[in-house]
Amino acid sequence: MTQTASYDICAVGNAIVDVLAPCNPQFLADQGLTPGSMQLVDEAQSAALYVAMAAGVEASGGSAGNTVAGVGSFGGRAAYIGKVAADPLGEIFAHDIRAAGVHFDTPALEGGAGTGRCLINVTPDGQRTMCTFLGAANQLTVADVDEALIGDSAIVYLEGYLFDPAPARAAFEAAAKAAHDAGRKVAITLSDAFVVGRWRAELLAFIEASADIVLANEVELLALFETEDFDEAAERLARIVEVAAVTRGEHGSVVIRGAERAVVQAFSVDRVVDTTGAGDQYAAGFLLGLARGLSLADAGALGSLAAAEVIGHWGPRPMTSLHELAEQKGLRLHAA
């Protein structure tokens, strides 16, 4: 895929700064939050929750932003399209993603909402509960879609969270069209079971019409097809896309392409600290592997390695070179 492309992956997503803090389950109950969920909040709700949270860390995030940062850590060539504001958080986001080796030049929003942020409360078992104020990320429009950049990328990766704001969804659809017009592959992540619940019919229609590759976790997959039968749901997804990759936590992942099915084991970790970014980093390794022509099993192994690295520490992006980790584990980074 990459022979005629300058970039392995170009991601389109919500440009968000993450605020992560530890909490106990009672805190979630007191705040009326559903454990393990992601919900959208307004600026006032975001400010109130921020005050109530324990001391934590701030890190550039956003699901697709985390993924391309992971691609960069593997030594891949990545680009990103997302909207931040011309404010201090926006400057932090832009600095961090460029420092990860990712091309990013989407114009900042002037005079509107502030840069988006996601308040993430993490319970002792590593589960994260997220409240997102989209802010400027909500203002991504078709005008921000760089068709030349997308056409120069082997895989365009679209973040399912963009189905929530209507202007961003239009940009999302424009990006998919630009990718296919250039003969590139379109990948989408379902992002969250609550997103699937809100937009199930629309997501299915988009997947059938425009997606070549779909990434999901088990809960999202079951929600998409309204079933409790994993194998049935996985086969249904595989019938409508070229490649389906479904993560199952400590049970690894299942990847299907036509009649080919690979069951990929998870890498063991000493201790799960924070699961924020696990799916995002799996996507980084898996999509980079696909872009470089690896087998489903080898691409899935890169995804599993990246997910294992990120859940062992706070924050949604790698703290250790994924390229070096892959070499240590003897994993392929290029097709033979």
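Phe 93 counts as buried because its relative accessibility is 0%, where buried denotes under 20% relative accessible area, exposed over 50% and partly exposed the range in between (1.4 Å probe, protein chains only). The structure is a predicted model, in which local features need pLDDT of at least 70 and side-chain atom pairs count only at pLDDT 80 or more, whereas totals for chains, interfaces and linings use all residues. Residues are numbered from 1 along each chain as its sequence is written, and side-chain values use heavy atoms, with hydrogens and water left out.

Across the whole structure, a search finds seven aromatic pairs, a pair being two rings of Phe, Tyr or Trp (its six-membered ring) with centres within 6.5 Å, counted as stacked for planes under 30 degrees apart, edge-to-face over 60 and tilted for the rest. One of them joins Tyr 80 to Phe 93 in a tilted arrangement, with 5.8 Å from centre to centre and 45 degrees between the planes. Since Tyr 80 belongs to strand 5 (residues 78-81) and Phe 93 to helix 4 (residues 88-99), the pair ties together parts that are 13 residues apart in sequence; helices (H or I, at least four residues) and strands (E, at least two) are DSSP runs numbered from the N terminus. Tyr 80 is likewise buried, at a relative accessible area of 0%, and ring pairs link Tyr 80, Phe 93 and Phe 104 into a cluster.

The rings of Phe 163 and Phe 172 form an edge-to-face pair, because their planes stand at 80 degrees with the centres 5.2 Å apart. Phe 163 is buried at 1% relative accessible area, and Phe 172 is buried at 0%.

Asn 121, located in strand 7 (residues 116-122), is buried with a relative accessible area of 0%. When neighbours within four places in sequence are left aside, the contacts of Asn 121 (heavy atoms within 4.5 Å) include Ala 21, Cys 23, Phe 27, Leu 28, Gln 127 and Arg 128.

Helix 10 (residues 278-291) packs against helix 11 (residues 296-310) at an angle of about 150 degrees, with the axes 7 Å apart, where axes are lines fitted to C-alpha atoms, for helices over the stretch in contact, and angles run from 0 to 180 degrees between N-to-C directions.
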